[in-house]
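Have a look at the structure first, then follow along.

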Amino acid sequence: MKSHATLIILAGGASSRMKKTDTSNQGNLTQEEIKQANERSKGLISVGKDKRPFMDYLLNNAQKAGYKYIYIVVGANATLFKEYYGGKKSENNFHGLWISFATQHIPKDRVKPLGTADAVFQAIEQYPELKMATYSVCNSDNLYSVAALKALRDTNSPNAFISYDRDSLEFTKERISRFALAKLDSEGHLQEIVEKPDLSLIDEYKDKEGKLRVSMNIFKFDGIMFYEYLKNCPLNEIRNEKELPTALLNMIRDYPGTAIGIPFSEHVPDLTAKSDIMAVKQYLEKKYEKLDWK
C-alpha cells in the first residue's frame, strides 16, 4: 500500500482547560507565558527555544516522518497561525511542508466548537480532495514522536490509531485514570473504547502483551470509508460534542477488522493546562537542542 503524506492537525478547540486559573501551578511561569496561555491556541504557546511555538516541534516531527501536506484546522481568528506558518489560505511553504488552513466554524447555538469529528468534517468540506484521500489526524497540543507519525504512514490497515501503553505515559495516576481504554482483539484490531471502566473488570481490557492501551488522538483514516461516519457522527451524551472515537467506533461496527491499534510504549508530551507548560519546556530543552529541518 502506498504511504499517504497528508496530516490534519486539530487546533480549533476552545483551550478551556488551558485558560483556567490555576494558582497552584502558575508560580513558575512568567507573566508572558500566562498571558499566552490565556489568549493563544495551545499549539502556539512559546515553549521552545528562541520562543518558538509548541507546534513547530510537531511539524518538525511530521516532516521527518515523511508528511508533506498539512491541514491545520483553526478557529475563526487564525491571524497568529498565519504569522507563523503562512499568510495564504492554502499551500504555504514552511520548511518544505505545504500548509493549508481550514476553519472550524462554531454553530450559532453554541459557544464552543462541536468537537474533533466536526473539525475533520469541516476540513474535508473545505478541501474536498480529502474526501477521497487517506490521511492522518492528530492534536496540536501533543508532541507525537517521528516513529509514531511514521507508523501510521507505514501500516497496511486502512484505518489505525497509535495504541499507547498506559503505563508508559508520564502523567499523574489521577490524570491517567481519566483516559478511556481501548479494547483490542488478539490481532490488534479495535473492538471498543471504554470510558471509566469498572476497576474490578480492568484485566479484561489488557491486550495480548498484558498492557492497558489508550488513545492519544492520533489516527489514520481511509477518507472514502470514513466520510459518512464523520458526517453522521452523533453528539457524545456527556460532553455534547462530536468526537472522532465515536465516528471510528460506528465505522468499525459496520466494517469490523478495519482499524488496527499500533502498539507503542513511550511518553507523549501534552500541553493541556498551565501546569503542563514547564514540563513541556524542560522536555523540549532536553530532547531538542535545535530544530533540524531536512
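This is a predicted model: local features need pLDDT of at least 70, side-chain atom pairs count only at pLDDT 80 or more; totals for chains, interfaces and linings use all residues.

**Entry 1: Loop residues with positive phi**

I started with Glu91, which is exposed because its relative accessible area is 53%; I call a residue exposed over 50% relative accessible area, buried under 20%, and partly exposed in between, with a 1.4 Å probe and protein chains only. I number residues from 1 along each chain as its sequence is written, and side-chain values use heavy atoms, without hydrogens and water.

Glu91 sits in the loop between H4 and strand S3 (92-94); helices (H or I, at least four residues) and strands (E, at least two) are DSSP runs, numbered from the N terminus. Its phi is positive, about 55°, although Glu91 is not a glycine. Most residues other than glycine have a negative phi. I found Lys51 in the loop between helix H2 (31-39) and H3, also with a positive phi, near 60°. Lys51 counts as exposed, at 63% relative accessibility.

**Entry 2: Helix H3 and the cores**

Next I looked up H3. Of its 11 residues, 10 are buried, so H3 is largely enclosed by the rest of the structure. Among the buried ones I noted Phe54, Met55, Leu58, Leu59 and Ala62. Gly66 follows H3 and has a positive phi, near 105°.

Which residues have the most contacts inside the largest nonpolar core? They are Leu59, Ile70, Ile72, Phe81, Tyr85 and Tyr164, in a core of 60 residues. A nonpolar core here is a set of buried Ala, Val, Leu, Ile, Met, Phe, Trp, Tyr and Cys residues joined through side-chain atoms within 4.5 Å. Helix H3 (residues 54-64) gives the most to this core, with 6 residues. Another core lies apart from it, with 33 residues, among them Leu130, Val137, Phe219 and Ala259.

I then took Tyr85 and listed its contacts (heavy atoms within 4.5 Å). Beyond residues up to four places away in sequence, Tyr85 touches Leu44, Pro53, Met55, Asp56, Leu59, Ile72, Asn92, Phe94, Ile99 and Phe101.

**Entry 3: Helix H5**

Helix H5 (residues 116-126) has 8 of its 11 residues buried, so H5 too is largely enclosed by the rest of the structure. The buried residues include Asp118, Val120, Phe121, Gln122 and Ile124. What do the buried residues of H5 pack against? I found strand S1 (6-11), strand S2 (69-74), strand S4 (97-103), S5, helix H8 (223-231) and helix H9 (244-254).

Asp141 is in the loop between strand S5 (134-139) and helix H6 (146-154), and counts as buried at 8% relative accessibility. A polar contact of 2.7 Å joins its side chain to that of Lys42; such a contact is a pair of N or O atoms within 3.5 Å, where within protein one must be able to donate a hydrogen and the other to accept it, and residues adjacent in sequence count only if both atoms are side-chain atoms. Leaving aside neighbours within four places in sequence, Asp141 is in contact with Lys42, Phe54, Pro269, Asp270, Leu271 and Thr272. I also checked Leu44: Asp141 is 97 residues from Leu44 in sequence, but 8.9 Å in space, C-alpha to C-alpha.

His267 lies in the loop between strand S10 (259-264) and helix H10 (277-287). Buried or exposed, I asked of His267? His267 is buried, with a relative accessible area of 18%. Its side chain reaches the backbone nitrogen of Glu170 at 2.8 Å. Besides Glu170, the contacts of His267 outside four places in sequence include Ser168, Leu169 and Phe171.

Ser157 is in the loop between H6 and strand S6 (159-165), and is buried, with a relative accessible area of 10%. A polar atom of the Ser157 side chain lies 3.5 Å from the backbone oxygen of Thr258. Not counting residues up to four places away in sequence, Ser157 touches Lys220, Thr258, Ala259 and Ile260.
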